[in-house]
Amino acid sequence: MKPLARYASLNRYVDLCHSVDIDAVTLMRSVDLTPASLAIPDQWVPAASIATLLERSAAASGHEDFGLLLAELRRLSNLGPLSLVIREEPDVRSALDVLMRYEHTYNEALRIRLAEVNGLATLRIELEVGEPVDSRQTVELAVGATLQILRSFLGSRWQPVSVGFTHSAPKDTSTHRRILGNAVEFDHEFTGIVFYASDLDAANQLSDELLRPYARQFLDSLPVATSSDTLSRTKELIEVLLPTGRCSAEHVARSLGFDRRTLHRHLAESELTFTGVLNSVRSALAERFVSNPRYSLTEVAVHLGFSTQGSFSRWFRNEFDVSPSAWRSAHKM
């Protein structure tokens, strides 16, 4: 099934179109979206349709920063009923935990994962819209909207350590620096937000302790993740944790909110093991990084969680029946 997203993803879309002098109604109809349905924010539509709409809107307006401009208009309430739960969490860490654990209730294409290493917290943000369509604007919308959520807890003047995008820089980066801060990086190894881990423990000033039990009752009514969800999230967490040298079943299970035995049980339901999933993720990453001359083989070894280039080379040869350097020569990007 193709992933879906709520119409709430397009909140304030018409206002933005009006401000940049493009026809929102015509653009929406061009991707089979119904303008009148914007009044029903909880209605689900294909995530690929939203991605295509934002790309066409950027092209029509001449604004390469269209998705980011839309993110600037975002509020916590765009998450729908889930926002009522998040705003009552006691601190930023627990608010983000709810945001990530229940992301499937507002956007099935979105994946946000948190890792903490050496005093820094990294939120990796990915989108899988289910079709081979350009999603640059949607990615920037997701990153900008996540940053807005963080600022709703940490203050409007709060700045991250850095914000990275895997795609290339636009001709004009002024909007990106105004909204995201000056530490914006393009052609980065991952898309996401890096900030000080101490910010995770900041108290949520929006929270009302008396309302928290009611919010939790609503949270308990939401659907839990399925085994397939656990598998996809395990893969994503492995990718996040590999460069840290701490990619173990214990760390992954803890990040998912349960113990190692529960993780193994979920994977066994799909006839998989943690070691097997780890190796498949490593193999996919190896193909991506080794074929990209931007990364030295030493850097690739670190990205894949190997302590030495020698151990990486032995693993690679065993996996692909060829050395990393020979693979690179045959698969140059």
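This is a predicted model: local features need pLDDT of at least 70, side-chain atom pairs count only at pLDDT 80 or more; totals for chains, interfaces and linings use all residues.
User: Why is helix 13 called roughly perpendicular to helix 15?

Analyst: The axes of helix 13 (residues 274-290) and helix 15 (residues 309-320) cross at roughly 100° and come within 11 Å. Angles of 65 to 115 degrees count as roughly perpendicular, so helix 13 is roughly perpendicular to helix 15.

User: How do you know that helix 13 and helix 15 meet, and which residues do so?

Analyst: Contact means heavy atoms within 4.5 Å. From helix 13 the residues are N279, R282, S283, A286, E287 and V290, and these meet F312, W315, F316, E319 and F320 in helix 15. By class, the residues of this contact divide into six nonpolar, two polar and three charged.

User: What makes strand 3 and strand 6 the edges of the sheet of five strands?

Analyst: The sheet is open, with the order 3-4-7-5-6 and mixed pairing. Strand 3 (110-117) and strand 6 (184-185) each have a single partner strand, so one side of each is left without a neighbour in the sheet.

User: How do you know that strand 4 pairs with strand 3 and with strand 7?

Analyst: Two strands pair if DSSP finds at least two bridges between them. Strand 3 and strand 4 have eight bridges, in the antiparallel sense; R111, for instance, has E126 in strand 4 as its bridge partner. Strand 4 (residues 120-127) and strand 7 (residues 192-196) also run antiparallel and are joined by five bridges, including the one between L120 and Y196. Between strand 3 and strand 4 the hairpin has two residues, and N118 takes a positive phi near 50° there.

User: What is strand 3 covered by, and how many of its residues are buried?

Analyst: Six of the eight residues of strand 3 are buried, hence the description "mostly covered". Helix 6 (residues 92-101) lies across strand 3, strand 4 and strand 7, at about 145° to strand 3. Helix 7 (residues 136-154) lies across strand 3, strand 4, strand 5 (162-164) and strand 7, and its angle to strand 4 is about 145°.

User: Why is the pair of W158 and F195 called edge-to-face?

Analyst: The count for the model is 13 aromatic pairs. In the pair of W158 and F195 the ring centres are 5.8 Å apart and the planes stand at 75°. Centres within 6.5 Å make a pair, and planes over 60 degrees apart count as edge-to-face, so this pair is edge-to-face. W158 lies in the loop between helix 7 and strand 5 and F195 in strand 7, so the pair ties together parts that are 37 residues apart in sequence. Both residues are buried.

User: Which residues do ring pairs link into a cluster?

Analyst: The cluster holds F306, F312, W315, F316, F320 and W327. Among the residues of helix 15 that meet helix 13 are F312, W315, F316 and F320.

User: Is H167 buried or exposed, and what is in contact with it?

Analyst: H167 has 15% relative accessibility. Buried means under 20%, so H167 counts as buried. H167 sits in the loop between strand 5 and helix 8 (174-180). Leaving aside neighbours within four places in sequence, H167 is in contact with R136, V139, E140, F186 and D187.

User: Why does D97 count as partly exposed?

Analyst: D97, in helix 6, has 28% relative accessibility. Buried would need a value under 20% and exposed one over 50%, so D97 counts as partly exposed.

Key
Residues are numbered from 1 along each chain as its sequence is written. Side-chain values use heavy atoms; hydrogens and water are left out. Axes are lines fitted to C-alpha atoms, for helices over the stretch in contact, and angles run from 0 to 180 degrees between N-to-C directions. Helices (H or I, at least four residues) and strands (E, at least two) are DSSP runs, numbered from the N terminus. Angles under 35 degrees count as roughly parallel, over 145 as roughly antiparallel, 65 to 115 as roughly perpendicular and the rest as oblique. Ala, Val, Leu, Ile, Met, Phe, Trp, Tyr, Cys and Pro count as nonpolar, Asp, Glu, Lys and Arg as charged, and the others, Gly among them, as polar. Buried means under 20% relative accessible area, exposed over 50%, partly exposed in between (1.4 Å probe, protein chains only). Rings of Phe, Tyr and Trp (its six-membered ring) pair if their centres lie within 6.5 Å; planes under 30 degrees apart count as stacked, over 60 as edge-to-face and the rest as tilted.
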